[in-house]
Amino acid sequence: MSGYTRKTREGSAEMYCSRSGEIFDQLHSDSTFSFSTIDFSPWTGSESLYEKHTTKVISPPPIFSSEMYQELSDVAVRATSMISGLLNTVFDGNVEAILEWQGHPEYIRKFVTKATNDRGLFLGSYFSRPDILIGKNGPAIVEVNFGQSNGSHAFMDTIYRKFLQSSYCDTLTKSGVRFSEPQSMFKWGRAIKKLMRCPWRDSTPKHFFVAMATPDEVSGAKDYIQDFVREIGNLGYRVTLGLLSDLDATGSVAHYHGDPVQIVYCMCTYAEMLRADISERLILDLIRIDDERALDFFGSPANLVYDSKANLALIHDEKLDHIYTESDLNHARQCIPKTIFADQLDEDRPSSWVHKPINDFGGYGVSVVQGTNLPQAFERDGYIIQEIVENHCVWPEGESLYPSQEFCFGPSVIGGEVVAMNLRSQVSKGEVPIINSAQGAAVGAVIASIT
């Protein structure tokens, strides 16, 4: 890593510079230390985190300050709280009204409204993960995902354990750096236990069913899903990974191939359920058994109320001006880039912006538009446009063995608390990257140093 230089940026974004940059600078200035003594092999491909090599891991992992971690956590909690409150504050609790405003077709509105109860709404807003870039004025939330299907908790713990075993960590520790352990699965497990209502008096462990939407997701389960399943078992449950459609919920208890199930945890969004043609009757039956407290069902489509990019456009709508305090609105509008429905696009449009489908995921359908001319295949219905955030968190900068990477931070918010923070990176090639693992981004965990 000789020749490494760190360039800070002007303005408030300077405080977000990776702690790793400072560490590398300190080590490089020490004439007795050589970067060649750091063993990066666990992070450079000669040794993989996983045998199947299906997960692209950020290598080597940068280290961030605990102050940055805390500020991103505070921004995430405040923003998700406001967005999850839109149903009641703006739409007076009317589920079908907010779904119509978001642009969902009638058949989805009718079913989700029918399937929604207080329990589903509560759980739908309980789990969330904003996607945060670091712009020139600080944190910028470009998306907020709601729902329980964030399966990266065990993965983040694995990243941290692997990091602790590396010479990289040992070198940083010897230089005086200490680290904050995420304990993501422990905190997730504590929250799940708190949410359970299904009584259990048997001496055997509860049967925890991790539900996927498609057969390939079961037979070829990704590394982080296998991690997740294994760690659930370590929490004391009997775990099965299987197809959601293979559940039988016609009676008073849910079964998987005749085996009673006490917990169903869907690792799929409602959009994925639709694509996989999951039976509406099955979903309604699972909700019914949960309502009878004979099952704990984490997978109600009620989270669709919160899990829509359209909600970001509402934050910038003047109708909120008389609902929220000026302080709350200014904070939200500063953290969330200007977002509008694509069908409201007029001549006074930004010079560069992102065109996103309202209710899709995984970075699919997203395009970056530079200049004021509309692309030929520009779609208005079902899309939003959002001002581009110039990413001010790039690492490492300057000359390095590693190409510059742009980062996106994903605080996992459970019950109003950030339990861990994932990290995604995409190599910076001069254009605006789509930093999503489904689009080839590398993934990792935010490892924070303790001041």
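Analyst: Two strands pair if DSSP finds at least two bridges between them. Helices (H or I, at least four residues) and strands (E, at least two) are DSSP runs, numbered from the N terminus. This is a predicted model, in which local features need pLDDT of at least 70, side-chain atom pairs count only at pLDDT 80 or more, and totals for chains, interfaces and linings use all residues. Residues are numbered from 1 along each chain as its sequence is written, and side-chain values use heavy atoms, with hydrogens and water left out.

User: What makes strand 5 and strand 10 a pair?

Analyst: Strand 5 (residues 207-212) and strand 10 (residues 263-266) are joined by 4 bridges and run parallel; the definition asks for at least two. Phe 209 has Val 264 in strand 10 as its bridge partner.

User: Why is Thr 116 called buried?

Analyst: Buried means under 20% relative accessible area (exposed is over 50%, partly exposed in between; 1.4 Å probe, protein chains only). Thr 116 has 16%, so it is buried. Thr 116 sits in the loop between helix 5 (106-115) and helix 6 (118-126). Beyond its neighbours within four places in sequence, Thr 116 is in contact (heavy atoms within 4.5 Å) with Val 95, Leu 121 and Ala 302.

User: How do you know that the buried residues of helix 15 line one face?

Analyst: Leu 329, Ala 332 and Cys 335 are the buried residues of helix 15 (residues 326-335). Seen down the helix axis, they fall within an arc of 140°, so they line one face. The arc is that of the directions from the helix axis to the C-beta atoms. Glu 326 and Gln 334, on the other side of helix 15, are exposed.
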